[in-house]
Amino acid sequence: MALKTKLLAGFMLAIGIQAAQAEDRLTPLLRFVPASALAEGGPSNAIQYSDFAAIRHAVGQRLSLGDAFTWSREDRELAAAMRIVVAPHMLANYFSRMLAAERPMSDYLGFGMIDIGQTLGFAQPPMVPMVLTGNDAVTNAAAVGAALGNHGFAAENRNGHTIWWYLDDNALDLRNRDVSNPLRGDLGGSARAGVVDGAFVAASHWGTIDVMLMAVDGRIGTAQQSPDMRALAVALDTPVQADGALLQAYLFTGTLFTRDIVDALGPAADEETRARLLAQLMGSGDGPATPRYEAVALADRQEGANPVGVVALSYRNRADAERATQTVAEAFATATSMAYQRPFAEIMPYAVVTDVVDVPDAGRAVARIAFVMVPETTLEGPSDNMRTPFYGLIQMLYRGDLAPLATAG
């Protein structure tokens, strides 16, 4: 049954409250991401973060007392998995086929899905790096090594770290493919994995593992040292209206696109067409342009019973951040989606809350535009978890349909 919600369309509230920041579990994982991964910018080089433990807790909090006695553990795990929109490439592939798995994840890795706390991925295939933290099982190097060794992996000392590997870089072993294996996938592909600095790390080839080891060992710059990434992490961990938790996020440097996109979409010599297209992309097109931001994040928070989708834009000064909250919120309220040919206000019919989070130690001010979904009831089925503002934002990102985040240039 569908989740019944009360949608508050057209309600915009500007606030300047600096709420207490929750525990920041994202920033420590940024030490595994080399600064070079941020250099290119854009969604193709995004940092993908999920807090599986927080997602499981959020699902449990949304279940009624009656549901708590009727839902099986499998139902709860499925509900949690369906809330997950952002996950490292290897785990995302595993989710798509785990119902066909004949053996549990723990047989291959030494730990299971329930043991995983936070996850981090970055870049795109063929790099497919993955970082996992969680309970003691996730970082038990002996148990992890034994499980990998039982499935054909060999150990190698890599710059002082024990890394287990299978097959040469980018090789495939179709005869031994196994859909149950989270690392090698259904093509039996190459993989490298091990426990490094309090986390389980994995990738498909040595080059990625080596650069991750260089990052965590402090031999190269990391995303943890980036003022924009640190500022976004603080903003995403700061509640919008009530105490809650950051569940997942998608972060990258640079802008999605600028208003110059109109030049590519409309005939350059046809000013009327260009003006009409600009008005459609950006609402009326009459308001002030959104200042260019340094980095952007899309995030999923849970505050009480309310799923909250957050757009966060990192700026070097507060004035630009304040202006961005107004222009971006206005664009979402007035612009039309090119992909759906419907107003964004219909696609995202939630209460809109805007504010600016100051992060002095990073020298940044973060503009936040939050979409608050207010459900009238608790979960009626696992699939209700997919109906969140964050899911809508990510779908628009994948379609190249986030024109409200276009900047002046």
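1. Helix 14 has as its buried residues Pro389, Phe390, Gly392, Leu393, Ile394, Gln395, Met396 and Leu397. Buried here means under 20% relative accessible area, exposed over 50%, and partly exposed in between, with a 1.4 Å probe and protein chains only. Eight of the 10 residues of helix 14 (residues 389-398) are buried, so this helix is largely enclosed by the rest of the structure. Helices (H or I, at least four residues) and strands (E, at least two) are DSSP runs numbered from the N terminus.

2. On basis and confidence: this is a predicted model, in which local features need pLDDT of at least 70 and side-chain atom pairs count only at pLDDT 80 or more, while totals for chains, interfaces and linings use all residues. Residues are numbered from 1 along each chain as its sequence is written, and side-chain values use heavy atoms, with hydrogens and water left out. The pLDDT, the predictor's confidence in each residue from 0 to 100, averages 83 over the protein chain, and 81% of the residues score at least 70. Confidence is lowest in strand 1 (residues 5-6), with a mean of 28, and highest in strand 14 (residues 364-372), at 98. Over residues 1-20 the pLDDT is below 50, although this stretch has 49 contacts in the model beyond near neighbours in sequence. Contact means heavy atoms within 4.5 Å. Where pLDDT is low, the predicted coordinates should not be read in detail.

3. Overall composition: the protein chain has 14 helices and 15 strands. Of its 409 residues, 53% count as buried. Among contacts in the protein chain with a separation of 6 or more, 73% are between residues 24 or more positions apart. The chain exposes about 16,700 Å², of which carbon and sulfur atoms supply 52%; accessible areas come from the Shrake-Rupley method with a 1.4 Å probe, and for residues only the protein chains shown count as cover.

4. Surroundings of helix 14: its buried residues pack against strand 10 (245-253), strand 11 (295-303), strand 12 (306-315), helix 12 (318-334), helix 13 (344-347) and strand 14. Gly400 follows helix 14 and has a positive phi, near 65 degrees.

5. Helix 2 (residues 52-62) and helix 4 (residues 73-83) pack at an angle of about 115 degrees, and their axes are 9 Å apart. Axes are lines fitted to C-alpha atoms, for helices over the stretch in contact, and angles run from 0 to 180 degrees between N-to-C directions. From helix 2, Ile55, Arg56, Val59, Gly60 and Arg62 meet Arg76, Ala79, Ala80 and Arg83 of helix 4. By class, this contact has four nonpolar, one polar and four charged residues. In that scheme Ala, Val, Leu, Ile, Met, Phe, Trp, Tyr, Cys and Pro count as nonpolar, Asp, Glu, Lys and Arg as charged, and the others, Gly among them, as polar.

6. Helix 5 (residues 89-97) has Met90, Leu91, Tyr94, Phe95 and Arg97 as its buried residues. These pack against helix 2, helix 6 (105-109), strand 4 (116-122), strand 5 (130-134) and strand 9 (199-203).

7. Gly121 lies in strand 4 and counts as buried, at 0% relative accessibility. Not counting residues up to four places away in sequence, Gly121 touches Ala46, Ile47, Gln48, Pro88 and Pro129. Gly121 and Val33 are 88 residues apart in sequence, with their C-alpha atoms 8.6 Å apart in space.

8. Ala223 sits in the loop between helix 8 (206-216) and helix 9 (227-237), and is buried with a relative accessible area of 0%. Leaving aside neighbours within four places in sequence, Ala223 is in contact with Leu30, Val33, Pro34, Ala35, Leu38, Ile47 and Met229. Its C-alpha atom is separated by 8.1 Å from that of Ala37, 186 residues apart along the chain.

9. Thr27 is in the loop between strand 2 (12-14) and helix 1 (36-39) and counts as buried at 14% relative accessibility. Thr27 and Val234 are 207 residues apart in sequence and 8.4 Å apart in space, C-alpha to C-alpha.

10. Two residues other than glycine deserve a backbone check. Asn159, in the loop between strand 6 (154-158) and strand 7 (161-166), has a positive phi near 55 degrees. Asp197, in the loop between strand 8 (191-196) and strand 9, has a positive phi near 50 degrees. Asn159 is partly exposed, with a relative accessible area of 47%; Asp197 is also partly exposed, at 45%. Most residues other than glycine have a negative phi.
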